[in-house]
Amino acid sequence: MCGIFGIASTKSTRNKLYQGLMKLEYRGYDSSGISGTHISSKLSTIKATGPIKNLRTKLTSLTNITTGIAHTRWATHGEAILKNAHPHLSENISIVHNGIIENYIELKSLLKKKGYLFKSDTDSEVISHLIHMNYEKTKNMESSIISTTKKLKGSYAIGCINTNYRNTIFAACKGSPLIIGKGINENFIASDIMPILSDTKNYITLDDDEFAKITPSKISIFNANKAISKKVKTSKINTEQASLSGHKHFMHKEIYEQKSILKEMTSRYVGTNKILSNIFGPGTDKILENIDHIHFVACGTSYHASLVAKDWIEEYTTITCTAEVASEYKYKKINVLPKTLFVSISQSGETADTISSLKKALKLKYSNTLAICNVAESTLTRLSKLVFLMNAGPEISVASTKAFTSQLFTLLLLTIVISRKFGNIESRMVKDIYKINEIIDSLYKLETDIKKISTKFKNKEHTIFLGKGTSYPIALEAALKLKEISYIHASAYHSGELKHGPLALVDKKMPVVCFLPDNHLARLVLSNLAEVEARQGQTFIFTNKKIPKKNKKVEIIKMPGCPDLIAPILYIIPAQLLSYHVALKKKTDVDKPRNLAKSVTVE
Ligand code: M6R
């Protein structure tokens, strides 16, 4: 999974390639590189490990390049070391690749037999040598791209330059996204729209099995060897750059943005005592009235949001729901009963597992497909029949925060809309929604206390998170946040499950974090906590219930009282702050945790 960017131009493109690549860093930051051709047709390439900024000092050697391709890597095959950084070269040919070549081992041995020497451990390098081999036979790049892609199994978006073709980029894709930007006297390729927006809003989406020849003045698209014409779309995305606005990290900024986003979503979709009509798209109130089952599919944080939605919907309707992680859904037999809605949830809309699940769902007998997404013009939104855009603004930090609460808010709206025919509860639920905006401020006031508590996690290697009912997905999400940015192992359990095994892990060193809204389940959760305390575990309880602080091994984080319906949206916010402060204490790279990428574009 990686980001690719390229410019076909007659002007110097060195800085633009670097700046554009920066906008794709969310796709990976293990290493990066740029290849470009000089006016003299000489090929120059620079590479660096770590974040893209490490390329900066090497940029001078690209001074005269015009047309170029750039890459930011998230390592799949081959360690995150310099020799595995893209672009990969084969004499006068340079390529960048996003995806996974599943048959690279057999291709590699075939190419080795033909005398090709491999410099990297990647799957991608076979592409450069294959194109080279085919080009040597035909001296024609178009046919070389066709014969090369025919041999590749797996997924790919490829950008390629050949010094024999002045100022020309060749591009092809299958299963990995690629767009072509149409500029003035220069054209672009990119994994998403962001790097080209400062130059053009006009773009073409390259579809599976298509390839393109791009020069500064012309874009030609082919399917096999047939030239095809494709619609030029215009992006509506606002080019405003995300900035830290005084916060030390994007994660902190995004945790604080939740307040205004939820307020904005309330004013956009919620009336005095009802949800506005057809908020999921024209005619959707009628469509949703006719649903008997829902299949939710998502990954990571977005999956946790779907678990809350399943509980909400099943509580207030007779609709049955399943929630599957996308990486499993794709490989399972799925029984689709009549009147089943498929709902995919994704911040980025570019998560490969979720996209391929939606592609599978489109072939099954769902009555409709709905994508809940934050990024307009993403692959998921292009594929799904119905789309709900959360408009939470760009989420830069790898650890998802504001996307999660926006997803929960959207799913709460969905719950209310589809529960209409099951009773007269809409106005009461809407009242609860308005309470989010009243209560949310008090959560940020907990930050000072949370900062103090975070010290107690700094030297821990393991933690346990507990919840019951809709607090269980919150425990899962809180544990994920702690793991990904502080590198402390965290497991989440239904509180009632503790006694069935995990309790064996509890001793006086084990921190146990519990989310305990004062509801009908609280009594049971308290019994589970007593079991922890009896084994001298350290408990950290987020609750609005009055519970006696028996000893100094019990920390109570006093939560504001709230209706049970909105508790998941509110309880996650202090948990996000907790993981943020633990990560600060551990001095990790909060916004770009090791081994991860913002958008996982490989399966
Ligand atoms: O963009 P998506 O919502 O599809 O991403 C899904 C997961 O990769 C994502 O939520 C991931 O788990 C986050 N890093 C969690 O903070």
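Biologist: Where is the place of Ile-425?

Modeller: This is a predicted model. In it, Ile-425 sits in the loop between helix 11 (402-419) and helix 12 (426-444).

Biologist: What makes Ile-425 count as buried?

Modeller: Buried means under 20% relative accessible area. Ile-425 has 18% relative accessibility, so it counts as buried.

Biologist: Which residues is Ile-425 in contact with, leaving aside its neighbours within four places in sequence?

Modeller: Tyr-316 and Ser-419 are in contact with Ile-425 once those neighbours are left aside. Contact here requires heavy atoms within 4.5 Å. As for Asp-589, 164 residues from Ile-425 along the chain, the two C-alpha atoms are separated by 45 Å.

Biologist: What is the phi of Ala-224?

Modeller: Phi of Ala-224 is about 55 degrees, a positive value although the residue is not a glycine. Lys-139 also has a positive phi, near 55 degrees, and is a residue other than glycine. Lys-139 lies in the loop between helix 3 (125-138) and helix 4 (141-151).

Biologist: How many cavities of 30 Å³ or more does the structure hold?

Modeller: There are 2 cavities of 30 Å³ or more. The largest cavity holds about 60 Å³ of space. It is lined by 12 residues, of which Cys-2, Thr-76, His-86, Asp-123 and Ser-124 are the closest to its centre. The second largest cavity has a volume of about 40 Å³.

Biologist: What makes these cavities and not pockets?

Modeller: A cavity is a set of points where a 1.4 Å probe fits but cannot get out, whereas a pocket is an open set.

Biologist: Which domains does the domain assignment give?

Modeller: The assignment gives domain 1 (2-234), domain 2 (240-444) and domain 3 (447-591). Over C-alpha atoms, the centres of domain 1 and domain 2 are separated by 34 Å. Across this pair, 9 residues of domain 1 are in contact with 7 residues of domain 2.

Biologist: Why is the second largest pocket said to lie between domains?

Modeller: Both domain 1 (2-234) and domain 2 (240-444) give residues to its lining, so the second largest pocket lies between them. About 700 Å³ of space lies in this pocket. Its lining has 29 residues, and nearest its centre are Lys-174, Gly-175, Ser-176, Asp-208 and Lys-359. Strand 7 (154-162), strand 8 (169-174), helix 9 (352-363) and helix 10 (379-383) are the elements that give two or more residues to the lining. Helix 9 gives the most, with 4 residues. By class, this lining has 9 nonpolar, 8 polar and 12 charged residues.

Biologist: Which residues touch the most other members of the largest nonpolar core?

Modeller: They are Ile-294, Phe-296, Phe-388, Leu-413, Phe-465 and Phe-515, within a core of 92 residues. Helix 16 (residues 567-586) gives the most to this core, with 12 residues. Domain 2 (240-444) and domain 3 (447-591) both give residues to this core, so it lies between them. Apart from it lies another core, of 26 residues, including Leu-107, Met-141, Leu-152 and Cys-160.

Biologist: What is Ile-294 in contact with, leaving aside its neighbours within four places in sequence?

Modeller: Among the residues in contact with Ile-294 beyond those neighbours are Ile-313, Ile-319, Leu-341, Val-343 and Ile-418.

Conventions
Residues numbered from 1 in each chain as written. Predicted model: local features only at pLDDT ≥ 70, side-chain atom pairs only at ≥ 80, totals over all residues. Heavy atoms only, no water. 1 Å grid on protein atoms, 1.4 Å probe; cavity = no way out; pocket = protein on both sides within 12 Å on 5 of 7 lines; lining within 4 Å. Points joined across faces, edges and corners; volume = space filled by probe spheres on them. Nonpolar A, V, L, I, M, F, W, Y, C, P; charged D, E, K, R; others polar. Domains from an automatic or database assignment. Core = buried A, V, L, I, M, F, W, Y, C linked by side-chain atoms within 4.5 Å. Buried < 20%, exposed > 50% of the residue type's maximum accessible area, 1.4 Å probe, protein only.
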